[in-house]
Amino acid sequence: MGPVVELIAGSYEQIAFGYKLNTDEPEWTATAGFTHHAHTASISAVATSERFAVTGSKDETIQLYDMKKRIEHGALLHHDGTITCLEFYGTSHLLSGGEDGLICVWGTKKWECLKSINAHIGHVTSLSVHPSGKLALSVGTDKTLRTWNLINGRSAFIKNIKQNASIVRWSPEGDKYVVVINEKVDIYDLETASLTGTITNPKRISSIKFLTNSILAIAGDDELVRLCDVATEEWLCEFEAHETRVKAIDSFSMEDYCVVVTASNDGFIKLWKLHLNEELKPPTLLGKVNTTARLTCLAVWKPLSIKETIEEPAAMATTSQDIAKELSKQKRVRIANEEVIMEDESKPKKMKKNGGKKKQKSQ
């Protein structure tokens, strides 16, 4: 019996699809696990944790689905605009960004909005949580890259990048991060906070995924997926993934190889077998599934494949002097008067009139 793996895809048709993978045969197959039609507009973002799949939409809501119980788990209503990005930190926290310029930090134990941060003037287009859980990066339509201290919910630094970036991602080890602007990937080093290189894709980039700390998979406005080494800025290989443009890309690890998952406007989700411990060669097709929908986003649910942090829900609230010292060395502009809306978790919380129920819209 192979590991439990499920693919979660969002669509223009307002539906989230779940497909269970059968990995026991040489040619993998996928069977329909669930369809979740809780949104009233197209789905724009999806993320998974050990237990939940969450989707964000143009209908301004975040819908929760319990992957263990296979039932809807309610909705999160705080944003005033399209949900543009979602990312879990372990099993304890979810971060969301929206066209309202807010970044919200949600506690998954009670699904409360722990912090609501006025992050950007304009839309938040992408966010990424550092592997330590202490920092987050965000980019927006105000042409800035911002570093957030998640311990206090305040902006640590701002960098003017002169153009609107669409994606920001930490590397798995957290020693570098990349920023996508149109067809370019800018690579930054954490220690020096400086731009160390740029990779230019032939087409505008729609999705990226770190397969290792140095190998980055890039999908753009064509049918190809390209793999590059962010350390050497060299292209390693490319392969034709779909007949039309690749909309989203994700990956997960098996015992001795990596599986790259791609989704396209053509409705197909495909799985590719890639060996990372040798000279990189184009991957082989493991299997595919036709959703017949126009796909917008993609995530992999592979329980027990991430570190279990549910026993330490306060992990993000600890201090980190080493990171603070490192960040204080950076030669970037410090923001002194960043407006932050958040609850001080060190003080007793006031009881809300509505009991803090997640179904109520926050003002």
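R204, D221 and R245 are linked in a network of salt bridges, a salt bridge being a side-chain nitrogen of Lys or Arg within 4 Å of a carboxyl oxygen of Asp or Glu. The model is predicted, so local features need pLDDT of at least 70 and side-chain atom pairs count only at pLDDT 80 or more, while totals for chains, interfaces and linings use all residues. Residues are numbered from 1 along each chain as its sequence is written, and side-chain values use heavy atoms, leaving out hydrogens and water.

By this rule the count comes to 10 salt bridges.

| Pair | Closest N and O atoms |
|---|---|
| D66 and R51 | 2.9 Å |
| K209 and D250 | 3.3 Å |
| D175 and K176 | 3.4 Å |

Burial is defined by relative accessible area: buried means under 20%, exposed over 50%, and partly exposed in between (1.4 Å probe, protein chains only). D66 is buried at 1%, whereas R51 is partly exposed at 33%.

The largest nonpolar core has 23 residues, with W28, F252, V259, V261, I269 and L271 having the most contacts inside it. Such a core is a set of buried Ala, Val, Leu, Ile, Met, Phe, Trp, Tyr and Cys residues joined through side-chain atoms within 4.5 Å. Apart from this core lies another, of 16 residues, including F239, I249, V260 and L280. Beyond its neighbours within four places in sequence, L271 is in contact (heavy atoms within 4.5 Å) with residues including L7, W28, F252 and L285.
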